[in-house]
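Please look through the structure below alongside these notes, which are meant to be read slowly and point by point.

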Amino acid sequence: MLTRRTALMGAAIAALMMTAPVVAETADELKLPREKVTLVAPPAVHPHEQATKSGPKIIEFKLTIREKEVVIDSAGTKFWAMTYDGSMPGPMMVLHEGDYMELTLVNPETNSMPHNIDLHSATGGLGGGALTKVNPGEQVKLRWKATRPGVFVYHCAPEGMIPWHVVSGMHGTVMVLPRDGLKDGAGKSLHYDKIYYIGENDLYVPKDENGKYKTYETVGESYADTTEVMRKLIPTHVVFNGSVGSLTGKNAMTAKVGETVLIVHSQANRDTRPHLIGGHGDYVWETGKFNNPPEKDLETWFVRGGSAGAALYTFREPGIYAYVNHNLIEAVELGAAAHFKVEGKWNDDLMKQVTPPSPVPPDKVGTADPVAVTR
Amino acid sequence: MLMLMKIKIAMLVGALAAPVLATVLAPPPQVDPEGISRLAPASFSYRAAGDFSRSGKPVEGPLRGLGSPTELLVMKRQVTVAEYDRCVEEGACPRVGSQSGRRDVPIVGVSWHDASTYAAWISLKTGVTHRLPTDEEWTFAAAEKARDEALPLVDPADPAQAWIARYETESNRSRPAETAPQPGGTFGTNSKGLDDLAGNIWEWTDTCFIRASLDGNREQVTNTNCGVRVVEGAHRAYMTDFIRDPKSGGCAAGVPPTNLGFRLIVERPGAAVADAFRKAVKLLRRA
Ligand SMILES: [Cu+2]
């Protein structure tokens, strides 16, 4: 017996068969070797070569969009996030100059909104935004060529509500490495032993009349109130990697004395000023683009909203380092602080407590004052 | 500010009078029926609070055997929003924080000054001296809930190791998932019948921060800073006295307490304290 249900299923299958040839793989006209990358959540970055001897490739990535409620601080404040692959920021995607990225963007039907992706590293088509709009239940595949080396922001850009999607978590970073790796200004090769990827979010969480953060049944219901808070330009939270304290305590980043770490800092919406308390930026691409010589020995670097920057640092002294947005109000009161735990041998030459805190000696002017004695 | 200073003096008088008081055996005071526990005298071990050094190198504070010479009367639960609000309504205590609206949960977001002001006010209302506990008293009352904060021993030539060890200890502590204040009893009752010690609220004590050097068994205090008080909870911390939100009171790389609240010690009225108490009352009235 043909029920209404089976009839519908039959229709659905027929539709699928009809459309199948259209959405199938297009012929690979590029005839380049392909490589598939499995992405990892920040602050980690998927394994990659720094310099490569191989020729250009097509590198395949897949990002799945997830709308979900997350907790953004230790008080349990809930927030409707929109994410690439479930993390804020979305995963970093690494390739080399001259490579092609073939990106599959999936919008599962459990989501409620259309999304797309604008890659600042890509050329044309609104960074891909014009060619990647996917409704819930759809996916799209975009190929673009990496023509400029650097770290670049990617973000969602749906018409009419771009800033809302971006400050709700839909942003990430692409790193295009020069084929022969990073260099200082004099052409000397630079290497990193480790890479950490930090995405900074300014969050705008609506409050009720009693000053309590509001919660919403769905992401859509939070839109109007959130936009109102956004328009005042004062974030309620400024956080690294999705929540206050996401990179502290057990989740603190680690390094050893002598290790060189590349710290990539990405901010899709608002200016920030990373600073490593107790350390420096040995080589800093403040604007994040590797064809420019890196600046040396920086104390704080400026990352413009809508860009990513990269800092290379070799740790010289063990201990706990705070890595902050050096608008310290944003770091301490709003959440933009992370920690590095650095193991190794203490170097007295760089720093030593000559005398521990002890009482101020009594004023002996005219008696034991060495100046008075020699006179 | 002037008012707070006066109350501080009043509290100091109360605290000084305490040891004298303890020996006076007066009839038990009429106190809030809902919550004073009487702790029988007993001996206990206590890790001294503060920064200690030996030959110029940081060491853990000395562990001491102490005895509570007499009964200690202490609140079973932390001071609640409802209790604190009465003091606010009478204009004696400052209104603090934005609360969840619940009145049966402990008051949090209070500074040492707020807690001390409340103690002075409730003393005046009841005619019975209430005060913050000393750190020794809190440790005695907390019993098995008090955590000995001895630091892991490290190579004294390498300050970073102690630092990292402390950071790891703090990071590995299990913390209650719930950060909002919970109704009394949520975090359990200890062997002395007191509730919610070392839950998600750190309690103010009256003990000042000290720096001391140790030489054999001799201890020399080189600095006392009463602008910083000991707070006790899941771990011991030192907090600037006007801080209400502990996240702002911590350093750049540590794990701060979750909430600041308090419970009080109740003194038996006696001749010595009555005098000190009257002085405190006078000070309050003038303020
Ligand atoms: Cu989107």
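1. Helices (H or I, at least four residues) and strands (E, at least two) are DSSP runs, numbered from the N terminus. With that in mind, just after H3(A) the residue A:Leu233 takes a positive phi of about 65°.

2. This is a predicted model, in which local features need pLDDT of at least 70 and side-chain atom pairs count only at pLDDT 80 or more, while totals for chains, interfaces and linings use all residues. Residues are numbered from 1 along each chain as its sequence is written, chains are lettered from A and ligands numbered from 1 in the order in which they are written, and side-chain values use heavy atoms, with hydrogens and water left out.

3. The model scores ipTM 0.73 and pTM 0.79. Chain B averages a pLDDT (the predictor's confidence in each residue, from 0 to 100) of 79, with 75% of the residues scoring at least 70. In chain B, pLDDT stays under 50 over residues 1-32, and likewise over residues 271-287. Where pLDDT is low, the predicted coordinates should not be read in detail.

4. In helix H3 of chain A (residues 223-231), the buried residues (under 20% relative accessible area, with exposed meaning over 50% and partly exposed in between, for a 1.4 Å probe and protein chains only) are A:Thr226, A:Val229 and A:Met230. Seen down the axis of H3(A), these fall within an arc of 105° (taken from the directions from the helix axis to the C-beta atoms), so they line one face of the helix. On the other side, A:Ala224, A:Glu228 and A:Arg231 are exposed.

5. B:Asp114, found in helix H3 of chain B (residues 112-126), is buried, with a relative accessible area of 2%.

Conventions. Contact = heavy atoms within 4.5 Å.
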